[in-house]
Amino acid sequence: KPPKPPPPPQPFELLTDAIKDPGGKGTLPAPAEKERVLRDMARDELVLPERRWPYLSTRAPVQPKAPPPAVAVPPPPTTTSTELRRAALEMDKLKRQIEEERTAQAEARRREEAKEATKKVAGALDLPSARDKARREREEAAARRRAFQREQAEKDAAHRTALGDMYARVAQRPFLFQQQGIDAKVFEETQAAYDKFESALKKQGLSDLLDLPR
């Protein structure tokens, strides 16, 4: 089935520009109409029901109210049982404080007695006091430090002496080319002595001794 051809377009015009406000001036929307719509919207926000359940109050904003003045709450009435319980708690607290003070005083006395006993035993055994012991330890540490420093100084002096001797020996030794000349001269002298000795043996008829194993 062939499709139907589309209908030809018909020209049309919007007649909104022809709508005038009550005064007959301007185009849509007129300023007066816009103001009226805005006034209606503002009135609706004040008088219409709210947009949420239960839709009872209006949409008008709620003005904050000042908090009510503070009311002094009277203290609860006390009874004989309450007073007795409070008195018992205070008595227990006072007893604990007294017991703690007695324990602290007894501990202080015990420490003083132990200190005095230690002093008496040290005096009877002729033991040094803590101050003398600390002074002696300081003196021993200072002596060890001085001995270590003296030993290090001796080692440094010995090292410097050995180093100086080594430099002196090196300075007295000939250079490499001089040493080679000396070695060549010694070899020549040795070879000359050997040749002289060999010729002397041959003159004496002892050349067969030269063939003996060395």
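Start with the contacts of the whole protein chain, where contact means heavy atoms within 4.5 Å: among those between residues at least 6 apart in sequence, 0% join residues at least 24 apart. Keep in mind that this is a predicted model, in which local features need pLDDT of at least 70, side-chain atom pairs count only at pLDDT 80 or more, and totals for chains, interfaces and linings use all residues. Residues are numbered from 1 along each chain as its sequence is written, and side-chain values use heavy atoms, leaving out hydrogens and water.

Now colour by secondary structure. You will find 4 helices and 0 strands, running α-α-α-α from the N terminus on. Helices (H or I, at least four residues) and strands (E, at least two) are DSSP runs, numbered from the N terminus.

Of the 214 residues, 3% are buried, meaning under 20% relative accessible area with a 1.4 Å probe, protein chains only.

Select E50, in the loop between α1 (31–47) and α2 (80–124). Is E50 buried or exposed? E50 is buried, because its relative accessible area is 16%. Show its surroundings too: leaving aside neighbours within four places in sequence, E50 is in contact with Y55, L56, S57, T58 and R59.

Finally, select α4, residues 176–203. This helix has 28 residues and reaches 41 Å from its first C-alpha to its last, close to the 40 Å expected, a span given by 1.5 Å times one less than the number of residues. Just after α4, stop at G205, which takes a positive phi of about 75 degrees.

Key. Buried means under 20% relative accessible area, exposed over 50%, partly exposed in between (1.4 Å probe, protein chains only).
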